[in-house]
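Visitor: Can we go through the charged pairs and a pocket? Keep it quick.

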Amino acid sequence: MSLLRAKVIVNPVAGANSTYRKWPRIGRLLKRAGLSFDYAYTEGVGHAIELARAAASDGYRYLVAVGGDGTVHEVANGILSSPNAATTPLGIVSTGTGSDFIRSVGIPRDYSRACSFLTSSRRLLIDVGVVEYRKRGETLRRFFVNAAGVGFDAAVVAATERLPKYFGGTIPYLGGLMRTLFGYRNKPVSLNIEGKVEPDRVLSVVVANGCYFGGGMRMAPRAELGDKLLDVVVVGDIGKFELLKALPMVYQGTHLSHPKVRMERATRVSIESAEPFLVHADGELLGEGPVSFTIVPAALSLVA
């Protein structure tokens with residue numbers, strides 16, 4: 001394998017199962033742009049992590065994720081868990097439904113334009129988050145590039161994963177939201193932000209590195225990918241109809257003015273509860289709490 005080659009990891013079911021159909025044209029665009037590459041299809045959840053870790057360990061020039069936010073999440077985790085993480089940049093061709101992460105980065109949603117970015121010499125060094133959570137009685141660890149969280153939003157992610165993948169944009173998230181809304185109960189939690197512990201009853205807590213969430217919601221409108229801080233958005237004990245009324249504010253990024261919403265910046269956060277609660281990262285359901293979040297500054301290089 002030449003050190004000048006890239007490894008392209010393609011999730012064929014991303015974008016409501018449309019990426020398999022789009023890939024031949026994307027492959028031709030990459031060749032036309034002058035990119036020398038090998039490629040591989042993912043075959044299920046977690047496979048992109050394995051493919052990316054192996055490729056980064058084998059010395060590919062850089063890795064390209066073709067898919068949605070979940071594909072980017074897995075490829076980034078593969079890079080970051082390899083011995084060559086510091087010297088293996090990540091390129092992105094977004095073909096997913098939400099495409100939240102690239103909104104913060106500035107990579108075009110149009111895949112034809114995104115392909116031309118991949119031979120650029122420009123690099124953007126970003127922070128990444130680390131989340132520790134529980135799954136089947138075991139403590140696990142995962143990196144995230146965009147946002148993670150607990151509570152209602154994680155329950156919405158779980159509901160969205162069960163819905164048919166026919167639509168893109170914010171429609172799947174809104175479908176999951178409506179499916180979750182009336183059966184969900186706000187959680188009593190112990191929230192520890194930078195060592196300051198306080199009890200609270202919350203709808204959800206979002207720990208953000210990027211600005212966007214749920215297919216275009218500006219959940220953390222002040223977040224910056226390279227400021228060495230996580231933006232912690234705490235949505236308190238808000239009622240269902242109050243939530244629906246406030247939903248347009250989230251798209252505009254004005255919800256931080258709501259009396260039951262607050263935002264803090266931190267490098268470490270942990271959350272516990274006497275009740276079970278779900279944990280998600282970059283739109284992927286991971287497991288359950290208790291959970292902790294930390295930041296790793298300047299950990300991932302993006303081709304942008």
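Guide: A salt bridge here is a side-chain nitrogen of Lys or Arg within 4 Å of a carboxyl oxygen of Asp or Glu. This is a predicted model: local features need pLDDT of at least 70, side-chain atom pairs count only at pLDDT 80 or more, and totals for chains, interfaces and linings use all residues. Residues are numbered from 1 along each chain as its sequence is written, and side-chain values use heavy atoms, with hydrogens and water left out.

Visitor: How many salt bridges by that rule?

Guide: The count is nine.

Visitor: Which residue does Glu198 meet in a salt bridge?

Guide: Arg262, at 3.2 Å, N to O. The pair links distant parts of the chain: Glu198 sits in strand 9 and Arg262 in strand 12 (residues 261–266), 64 residues apart. Strands are DSSP E runs of at least two residues, helices H or I runs of at least four, both numbered from the N terminus.

Visitor: Which residues are in the network of salt bridges?

Guide: Glu198, Asp200, Arg262 and Glu264 are linked in it.

Visitor: What about Lys187 and Glu275?

Guide: Their side chains form a salt bridge of 3.9 Å, N to O. Lys187 lies in strand 8 (residues 187–193) and Glu275 in the loop between strand 13 (268–272) and strand 14 (278–281), so the pair ties together parts 88 residues apart in sequence.

Visitor: Is Lys187 buried or exposed?

Guide: Buried, at 17% relative accessible area. Buried means under 20%, exposed over 50%, partly exposed in between (1.4 Å probe, protein chains only). Glu275 is partly exposed, at 32%.

Visitor: New topic. What lines the second largest pocket?

Guide: Val45, Gly46, Ile49, Glu50, Arg53, Asn77, Ser81, Arg141, Arg142 and Phe143. A pocket is an open set of points on a 1 Å grid over the protein atoms alone, where a 1.4 Å probe fits, with protein on both sides within 12 Å along at least five of seven lines; lining residues have an atom within 4 Å of a point. Helix 3 (47–57) and strand 6 (138–144) each supply at least two lining residues.

Visitor: Which side chain of opposite charge is nearest to Arg142?

Guide: Glu74, 5.3 Å away. Arg142 is buried yet has no salt bridge. Lys and Arg count as positive, Asp and Glu as negative; His and the chain ends are not counted.

Visitor: Then what polar contact does the Arg142 side chain make?

Guide: One with the side chain of His73, at 2.9 Å. A polar contact is a pair of N or O atoms within 3.5 Å; within protein, one must be able to donate a hydrogen and the other to accept it, and residues adjacent in sequence count only if both atoms are side-chain atoms.
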